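Here are my notes for you, written to be read with the model open beside them. Take the points in order and find each residue as you go.

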Amino acid sequence: MTANTALDKLPKDPTERMNQLFKTVALEQTIWLLVDEHGSVLLTADEDDCVPVWPTKEHAEQWATDEWEGFKAEPISVAKWKSRWTLGLEEDELSVIVFPDQQGEGIVLYPDEFEFELQKRESKRR
């Protein structure tokens with residue numbers, strides 16, 4: 001499966017999408033968000049407010065429609081994520097929803113869990 005796969009062709013299983021995201025992020029060292037002048041898009045999942053993350057610019061941009069029209073895909077380096085985003089999300093009591101599908105379904109991780117998974121996948125890459 002390539003990074004440019006359309007959302008409707010993505011694995012239905014959220015675990016498979018999560019694995020795809022971490023594999024791509026480990027190679028590219030970039031996490032993609034959707035942002036506007038006020039900050040990142042937020043989704044609510046399992047009663048948690050979550051920042052959705054995607055493995056590629058193209059996947060993030062496919063979400064920039066309807067209520068999120070005008071949002072832009074923004075790359076965040078893994079180094080920047082670790083130095084700022086994990087702590088910032090924890091302080092704001094936000095979680096991460098990993099590579100959501102068109103219905104907004106995905107695996108929800110706490111920021112420290114997401115960073116742990118990043119580190120685990122990076123160490124496998126070495």
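1. Start with helix 1, and ask which of its residues are buried. They are Arg17, Met18, Gln20, Leu21, Phe22, Thr24, Val25 and Ala26. Keep in mind that this is a predicted model. A handy rule for reading such a list: an α-helix has 3.6 residues a turn, so residues three or four places apart point the same way.

2. Next, a quick check on the length of helix 1. It has 15 residues, and at 1.5 Å a residue these should span 21 Å; the end C-alpha atoms are 21 Å apart, so the two agree. Just after helix 1 comes Gln29, with a positive phi of about 60°.

3. Four strands make an open sheet in the order 3-4-6-7, and the pairing is mixed. Strand 3 (43–45) and strand 7 (107–109) are the edge strands, each pairing on one side only. On average, neighbouring strands here are turned by 45° against each other, direction ignored. Helix 1 (residues 14–28) packs on this sheet, where it touches strand 4, strand 6 (95–98) and strand 7, and its direction makes about 55° with that of strand 7.

4. Zoom in on strands 3 and 4. They run antiparallel and are joined by three bridges, with strand 4 covering residues 48–53. Look for Ala45, whose bridge partner in strand 4 is Asp48.

5. There is also an open sheet of three strands, in the order 2-1-5, with antiparallel pairing. Its edge strands, strand 2 (39–40) and strand 5 (72–77), each pair on one side only. Two bridges join strand 1 (residues 30–36) to strand 2, and Val35 stands opposite Ser40 there. Helix 3 (residues 78–91) lies across strand 1 and strand 5, at about 85° to strand 5.

6. What about the inside? The largest nonpolar core has 34 residues, and Leu34, Trp81 and Phe114 have the most contacts inside it. Elements giving two or more residues to this core include helix 1, helix 3 and helix 4 (111–125). Strand 1 gives the most, with five residues. As background, nonpolar side chains in soluble globular proteins tend to be buried together.

7. Finish at Phe114. Which residues does Phe114 touch, not counting those up to four places away in sequence? Look for Leu21, Phe22, Ile31, Val53, Trp81, Val96, Val98 and Leu109. Two of these names, Leu21 and Phe22, are on the list of buried residues of helix 1.

Key. Residues are numbered from 1 along each chain as its sequence is written. This is a predicted model: local features need pLDDT of at least 70, side-chain atom pairs count only at pLDDT 80 or more; totals for chains, interfaces and linings use all residues. Side-chain values use heavy atoms; hydrogens and water are left out. Two strands pair if DSSP finds at least two bridges between them. Contact means heavy atoms within 4.5 Å. Axes are lines fitted to C-alpha atoms, for helices over the stretch in contact, and angles run from 0 to 180 degrees between N-to-C directions. A nonpolar core is a set of buried Ala, Val, Leu, Ile, Met, Phe, Trp, Tyr and Cys residues joined through side-chain atoms within 4.5 Å. Buried means under 20% relative accessible area, exposed over 50%, partly exposed in between (1.4 Å probe, protein chains only). The expected span of a helix is 1.5 Å times one less than its number of residues.
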